Amino acid sequence: MQEKITVIKPLIPDLDEFIPMLRDIWDRKWLTNNGHYHQELEKALADYLGVQYLSLFTNGTLPLITALQALRINGEVITTPYSFVATTHAIWWNGLKPVFVDVEEETGLINPEKIEAAITPKTSAIMPVHVYGNPCNMERIQEIADTYGLKVIYDAAHAFGVKVNGKTVLENGDMSTLSFHATKVYTTIEGGALVCHDAATKKRIDYLKNFGFAGETTVVAPGINSKMDEVRAAYGLLNLKQVDAAIASRKATALKYREALKDVPGIRMLHDIEGVHHNYAYFPIFVNEKEYGMSRDALYEKLKEHNIYGRRYFYPLISTFSAYKGLDSASPENLPVAHKLAGQVICLPMYAGLKEEDLNRVIEIIKR
Ligand SMILES: *Cc1c(COP(=O)(O)O)cnc(C)c1O
């Protein structure tokens, strides 16, 4: 059996650089609650990403939950079934009703032209996702939000460093969330962030992520605990130094995949969009069973037989899970494109430093 190829490998900093930082944390004896490295990372990330107001979190799910709290969203939230479950779970955890809207076939992004029909008097927000790091149609979404008086919270878990015409996607909508989970382009092991656009809102978010404490004896809201600790903040500072090189390595891999697979009938890939600085977070292919001569699941299993582990992101659709499948908007007739993509997708191995020989092994199996 050949060596195992996994869908991702986490971005890990140099241990020799990490150890002195750990020594420093041990010396300071300040482990969490807005410590030295927390403050440094918050600033460094805001600089790197080109945003003014960013709050660190302990993962990428709590910023979604907290954004809905901070904006006092109520009633119904329009979202996409073609995402990681956390997007819809965050809506549910706020006691809100998720309303699913279908996606665009080309990209898997929420289809703005389907949003208006899903708006009711109870709708108060839209939660789109920059799936695979491709930017949503933010202009159209904002236009709809402005017309109907809705807030927009972008789940930007896949969109670390993504820019459109030189401008970060994170400044769009009312807030954007990031995940720094080990499987993401940039990681702090577990971690995340919430981006907003003014100092007062950031202050409120920082209260909410620390139980609502606004002072030693003042609690201004029923907050939660989602603070990042010093060890992971230090880890994150080191990874920030190598994330550009990591994205460049991913890009080289993506270009090789695209070149090698471009003439394989029945295999569709995503392409770079003009003016967009991509992060190559994932490399999804969409398998057309008739043209390819094999189903997506058969190819997925075939890769596994050769010790290659892709992932079917996003299958099954969120709307098919037991918690949500009873919702009117979850009916498959409402979501034909999302169902089609979920039935065709495999995300191929994609990470910084993926070896040429491993890449070739994946390509050979798909071509055969
Ligand atoms: C990873 C991810 C999340 C959740 O992030 P965690 O850090 O794992 O909590 C949310 N939304 C999307 C789209 C994701 O891919």
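Modeller: A cavity is a set of grid points where a 1.4 Å probe fits but cannot get out, worked out over the protein atoms alone. Its volume is the space filled by probe spheres set on those points. Keep in mind that this is a predicted model.

With that in hand, the structure holds three cavities of 30 Å³ or more. The largest cavity has about 130 Å³ of space in it. It is lined by 15 residues, and Y132, R258, L270, Y280 and Y282 are the closest to its centre. Sort the lining by class and you get eight nonpolar, five polar and two charged residues. Who supplies them? Helix α7 (230–261) and strand β14 (283–287) each give at least two. Look at the domains as well: domain 1 (15–240) and domain 2 (244–367) each bring at least three residues to this lining.

Next comes the second largest cavity, with about 40 Å³ of space. Its lining is made of A157, H158, F160, S179, F180, K184, V185, Y186, N279 and A281. By class, that is six nonpolar, three polar and one charged residues.

Now for some distances. G60 uses its backbone: a polar atom there is 2.7 Å from an oxygen atom of the ligand. D155 uses its side chain instead, with a polar atom 2.7 Å from a ligand nitrogen. H158 has a side-chain N or O atom 2.8 Å from an oxygen atom of the ligand. On its own the ligand has 380 Å² of accessible area, and the protein covers 92% of that.

The largest pocket has a volume of about 530 Å³. Its lining counts 28 residues, with F84, V85, K184, Y313 and F314 the closest to the centre. The classes here are 14 nonpolar, nine polar and five charged. Where does this pocket sit? Domain 1 and domain 2 both give residues to the lining, so the pocket lies between them.

Take another look at Y313 and F314 from that list. The peptide bond that joins Y313 and F314 is cis, with omega at about 10 degrees. F314 is in the loop between α9 (296–305) and α10 (336–342). P316 is also in the loop between α9 and α10, and a cis peptide bond joins P316 to Y315, with omega about -5 degrees.

Last stop: the second largest pocket, at about 340 Å³. It has 17 lining residues, and N34, H38, E42, D206 and K209 are the closest to its centre. Helix α2 (36–49) gives the most, five residues, while α2 and α6 (199–208) each supply at least two. This lining divides into four nonpolar, six polar and seven charged residues. While you're in this stretch of the chain, check N33, found in the loop between α1 (15–28) and α2. Although N33 is not a glycine, its phi is positive, about 70 degrees.

How values were computed: Residues numbered from 1 in each chain as written. Predicted model: local features only at pLDDT ≥ 70, side-chain atom pairs only at ≥ 80, totals over all residues. Heavy atoms only, no water. 1 Å grid on protein atoms, 1.4 Å probe; cavity = no way out; pocket = protein on both sides within 12 Å on 5 of 7 lines; lining within 4 Å. Nonpolar A, V, L, I, M, F, W, Y, C, P; charged D, E, K, R; others polar. Domains from an automatic or database assignment. Helix = DSSP H or I, 4+ residues; strand = E, 2+ residues; numbered from the N terminus. Polar contact = N/O pair within 3.5 Å; in protein donor to acceptor, adjacent residues only side chain to side chain. Areas by Shrake-Rupley, 256 points an atom, 1.4 Å probe, with all protein chains shown as cover.
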